[in-house]
Amino acid sequence: MRALGLLSGGLDSMLAVEVVRRLGLEVLAVSFSSPFFGTARAQEAAAQLGVSLMTIDVTEKYLAMLPRPKYGYGKNMNPCIDCKALLLRRAGDLMPKLGAEFIFTGEVLGQRPMSQNRQSLHIVAKLSGYEDYILRPLSAKLLPPILVQREQKLDTARLYDISGRDRQRQMQLAQEFGITNYPSPAGGCKLTEPGYARRLRRLYETDPAPPVRLFKLLELGRHVRLGDATLIVGRNKAENDALERLAVPSDAILRVSGYVGPTGLLTVPCAPDEMRRAAAIIARYSDAPRHDEATVQVVQDGASYELTVVPIDPETVRGLLV
Ligand code: SF4
C-alpha cells in the first residue's frame, strides 16, 4: 500500500512519515506553498527522511479563501481550520493519481486548543471532503478509525495515542527513530505573526482583492498610513533593493537626492498632497538635515520629477505606522 503524507517539516509531520513507513507502507510526501508559508522546511525534512516530496503552490485557492474563511481566524490572521481543510482537499485530490490509499498528517489531538481539538479535527476532515481517508498516526488510537483501519488493512495497534501540548513523547519517538534535526514548533506561517497580520488587515481594507506581489511587500520595510495608500519605507539596503525589484512601472518609487536614505514605494495613486507627505517621510528616514529642505525624486510610469520638502516630525510618523 501507498500513503501520502502532508509534510510541513515540523517534528510531528516527520514522525508521522516514519510511523507510517514503519508499518510497511510506501510513503510519498507533499508540501504546499503560498505567499504565507513555503516548502523549505519540508524539503530539508524530506531529505533527512529520504522520502520523495512533491511541492504544490496553492496561492490561487488560498487567496480566494483567506478574506472570508468559513471558520474564521485564530489569534492573528491565521484561518487554521479552513487552511488545513484546503490543503487536505488538495492532497486528497492527488490520491487516485498517485495510487495512495489514504493521506496522513502529523496533527496531535489537543496540541493546539483551537485547531487541534477533537471537534476541529473532525470539522477539518469533513470540510476537506476526504473524512474517511485522513489518518493522524500520532493520535490514531484516540480517534475514530478511518476506512483502511476498518478494513483491517492497517495495524492500528502500531499507531499512537499521543495527545496534549506536552511534547515529551514526540521527543522520545524522535530519538527512537533517529530524527535529530528538526525545527522548533513555532514559526513557518506569516499569518500567525501579529505585525504581518496587522499589515494584511490594512491591505484588505484598502484593496479587497490585492495582487499576489502585494503580499510579498507586507514583509518588507516600515509601513506608513497615507490616506488610502500605504507608503513602504526600506529599513536597509537589502530591503531597498527588494522594494525596487518588486516595483512595477505604475508604482511610485521615492528617493532622497544627495543623501543616503531609504527607498520608498507607493503602490496606489496618491493625491499631490499625499505624495508630498510621502516625500517628507522618506526625507525623515534619510541622512538629510532634520530642519532643512530636502529634495526627493519620484519615479513613476517611466517619468520622474522632484519635490522639495522639510522632513516630517518623527512623532507624527510614529502615529502613522501600521
Ligand atoms: S498556522 Fe498557518 S499554515 Fe498552519 S494551519 Fe494555521 S493558517 Fe495554515
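Reader: In S10, which residue is the bridge partner of Leu254?
Author: This is a predicted model. Strand S8 covers residues 252–256, and strand S10 covers residues 294–300. Across this pair, the bridge partner of Leu254 is Val298.

Reader: How many bridges join S8 to S10, and do the strands run parallel or antiparallel?
Author: Strands of a sheet pair through backbone hydrogen bonds, either parallel or antiparallel. For S8 and S10, the bridges number four, and the direction is antiparallel.

Reader: How many bridges join S8 to S9, and where is the bridge partner of Ala252?
Author: S8 also pairs with S9, again running antiparallel. The bridges between S8 and S9 number three. Within S9, the partner of Ala252 is Leu266.

Reader: How many of the five residues of S8 are buried?
Author: S8 is joined by bridges to S9 and to S10. The strand is mostly covered. Of its five residues, the number buried is four.

Reader: What does H10 pack against?
Author: Helix H10 spans residues 237–246, with Asn240, Ala242 and Leu243 buried. Seen down the helix axis, these fall within an arc of 165°, so they line one face. Lys237, Ala238, Asp241 and Arg245 are exposed on the other side. The buried residues pack against strand S7 (229–233) and strand S9 (264–266).

Reader: Into which domains is the chain divided, and how many Å separate their centres?
Author: Domain 1 takes in residues 2–188, and domain 2 takes in residues 220–320. The C-alpha atoms of the chain fill a box of roughly 80 × 35 × 35 Å along the principal axes. Taken over C-alpha atoms, the centres of domain 1 and domain 2 are separated by 44 Å.

Reader: In S2, what is the bridge partner of Arg2?
Author: Strand S1 (residues 2–6) and strand S2 (residues 26–33) run parallel. Five bridges join them. For Arg2, the partner in S2 is Glu26.

Reader: Why do the buried residues of H5 line one face of the helix?
Author: H5 runs over residues 118–128, and Leu121, Val124, Ala125 and Ser128 are buried. They line one face because, seen down the axis, they fall within an arc of 95°.

Reader: What covers the buried residues of H5, and which residues on the other side are exposed?
Author: The cover over the buried residues includes helix H4 (80–98) and strand S5 (134–135). The exposed residues on the other side of H5 are Gln119 and Lys126.

Reader: Which residue just after H5 takes a positive phi?
Author: H5 ends at residue 128. The phi just after the helix is about 85°. The residue is Gly129.

Reader: Is Gln152 buried or exposed?
Author: Most residues other than glycine have a negative phi, and most peptide bonds are trans. Gln152 has a positive phi near 60°, and it is found in the loop between helix H6 (147–150) and helix H7 (168–177). Gln152 has 9, so it is exposed.

Reader: Where does Asp301 lie?
Author: Asp301 is not a glycine, yet its phi is positive, about 50°. With 10 C-beta neighbours inside 10 Å, Asp301 counts as exposed. Asp301 lies in the loop between S10 and strand S11 (303–309).

Reader: How do the residues of the shell around the ligand divide?
Author: The ligand is surrounded by Phe37, Asn78, Pro79, Cys80, Cys83, Lys84, Cys189, Leu191 and Thr192. One of these, Lys84, is charged, since Lys counts in that group. The shell divides into six nonpolar, two polar and one charged.

Reader: What share of contacts between residues at least 6 apart in sequence join residues at least 24 apart?
Author: The chain holds 12 helices and 11 strands. Buried residues make up 41% of its 322 residues. Among the contacts asked about, the share is 63%.

Technical notes
Residues are numbered from 1 along each chain as its sequence is written. This is a predicted model: local features need pLDDT of at least 70, side-chain atom pairs count only at pLDDT 80 or more; totals for chains, interfaces and linings use all residues. Helices (H or I, at least four residues) and strands (E, at least two) are DSSP runs, numbered from the N terminus. A residue is buried if 20 or more other C-beta atoms lie within 10 Å of its own, exposed if 12 or fewer, and partly exposed in between; C-beta atoms are placed from the backbone. Two residues are in contact if their C-beta atoms, placed from the backbone, lie within 7 Å. The arc is that of the directions from the helix axis to the C-beta atoms. Domain bounds come from an automatic or database domain assignment. A residue is near a molecule or strand if its C-beta atom, placed from the backbone, lies within 6 Å of it. Two strands pair if DSSP finds at least two bridges between them.
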